[in-house]
Amino acid sequence: MADSTTIPRMLTTDDRFSTLRAALDSTGLDSLLATGGPFTLFAPPNGAFASASAGPVEDVLTGDRDRLRALLARHVVGGRVAVGGRPGPRSVVPMSGDTLSLRPAPDGVRIDGIPILDANIQAGNGRIHVVDAVLRAPGSDAP
C-alpha cells in the first residue's frame, strides 16, 4: 500500500471490512477519515458486526444514524496510536469522548478487553488496528 492511501481507501481494498465501510459511509465518518488526519481506526471486520453481541447487521446499518455514528466514534482516535511498542497499560480517548484501555495480554494487546488481531497497518493519514469485536459503550448491552 502506498503511504498516501487514506484509511477509507485501504478499507475498500479488503473484503473483511465491507460492513464497516457501509457503516462509515452511512454516517459520514468515511469523509472525515479521508482527510489529512492523522487518525487511528480500530476496525472490526464483518464477522464482528455479524456476531450476536453487535446485533444483526441490518439493525446496525439501517437503525438510528446518530446511534451508529456514536458507536463508530468509539473506533476512531485522533492521532497515530501505535500498538505493541510501549509496555504496560495506557489509555486513549476516541472521538466519542470516553476512554479506551490498551493493555498487553498473553495473546497480544487488547483494547477494552477486545483482542487486536492485526496491529499497526500504516495508511497515509493514520493507522488501522483490526479488532475482534465491535467496541461498544461502557455498560451497553447493544451497539
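**Fold, sheet and salt bridges of the predicted model**

Residues 24 or more positions apart account for 61% of the contacts in the protein with a separation of 6 or more. The model is predicted. Its mean pLDDT is 85, and 83% of the residues reach 70 or more. Confidence is not even along the chain. Strand β1 (residues 39-43) has the highest mean, at 96, and helix α5 (residues 57-62) has the lowest, at 59. Where pLDDT is low, the predicted coordinates should not be read in detail.

The secondary structure consists of six helices and seven strands. Along the sequence, these elements follow the pattern α-α-α-β-α-α-α-β-β-β-β-β-β. The protein has 143 residues, of which 43% count as buried.

The seven strands form an open sheet with mixed pairing. Their order across the sheet is β2-β1-β7-β6-β5-β4-β3. Strands β2 and β3 stand at the edges. Each has a single partner strand, so one side of each lacks a neighbour in the sheet. From one strand to the next, the twist averages 35°.

Strand β1 has β2 on one side and β7 on the other. Strands β1 and β2 run antiparallel and are joined by three bridges. Phe39 has Gly78 of β2 as its bridge partner. Thr40 stands opposite Val77, also in β2. With strand β7 (residues 126-131), the pairing of β1 is parallel and spans five bridges. Here the bridge partner of Thr40 is Arg127 of β7.

Five of the five residues of β1 are buried, so the strand is largely enclosed by the rest of the structure.

An α-helix has 3.6 residues a turn, so residues three or four places apart point the same way. After α2 comes Gly28, which has a positive phi, near 85°.

Thr5 lies in the segment before α1 (7-12). With a relative accessibility of 10%, against a cut-off of 20%, Thr5 counts as buried. Beyond its neighbours within four places in sequence, Thr5 is in contact with Met10, Ala123, Gly124 and Asn125.

Four salt bridges are present in the model. One of them pairs Asp14 with Arg16, with the closest N and O atoms 2.8 Å apart. Arg16 has a relative accessibility of 37% and counts as partly exposed.

Two further salt bridges centre on Arg74. The side chain of Arg74 meets that of Asp98 at 2.7 Å, N to O. This pair links distant parts of the chain, 24 residues apart. Arg74 sits in the loop between α6 (65-73) and β2 (76-78), and Asp98 in the loop between β3 (90-92) and β4 (100-105). Both residues are buried. Arg74 also forms a salt bridge with Asp112, with the closest N and O atoms 3.3 Å apart.

Asp98 is buried, whereas Asp112, at 36% relative accessibility, counts as partly exposed. Arg74 itself is buried, with a relative accessible area of 3%. Through shared partners, the salt bridges join Arg74, Asp98 and Asp112 into one network.

Terms used: Residues are numbered from 1 along each chain as its sequence is written. This is a predicted model: local features need pLDDT of at least 70, side-chain atom pairs count only at pLDDT 80 or more; totals for chains, interfaces and linings use all residues. Side-chain values use heavy atoms; hydrogens and water are left out. Helices (H or I, at least four residues) and strands (E, at least two) are DSSP runs, numbered from the N terminus. Buried means under 20% relative accessible area, exposed over 50%, partly exposed in between (1.4 Å probe, protein chains only). pLDDT is the predictor's confidence in each residue, from 0 to 100. Two strands pair if DSSP finds at least two bridges between them. Axes are lines fitted to C-alpha atoms, for helices over the stretch in contact, and angles run from 0 to 180 degrees between N-to-C directions. Contact means heavy atoms within 4.5 Å.
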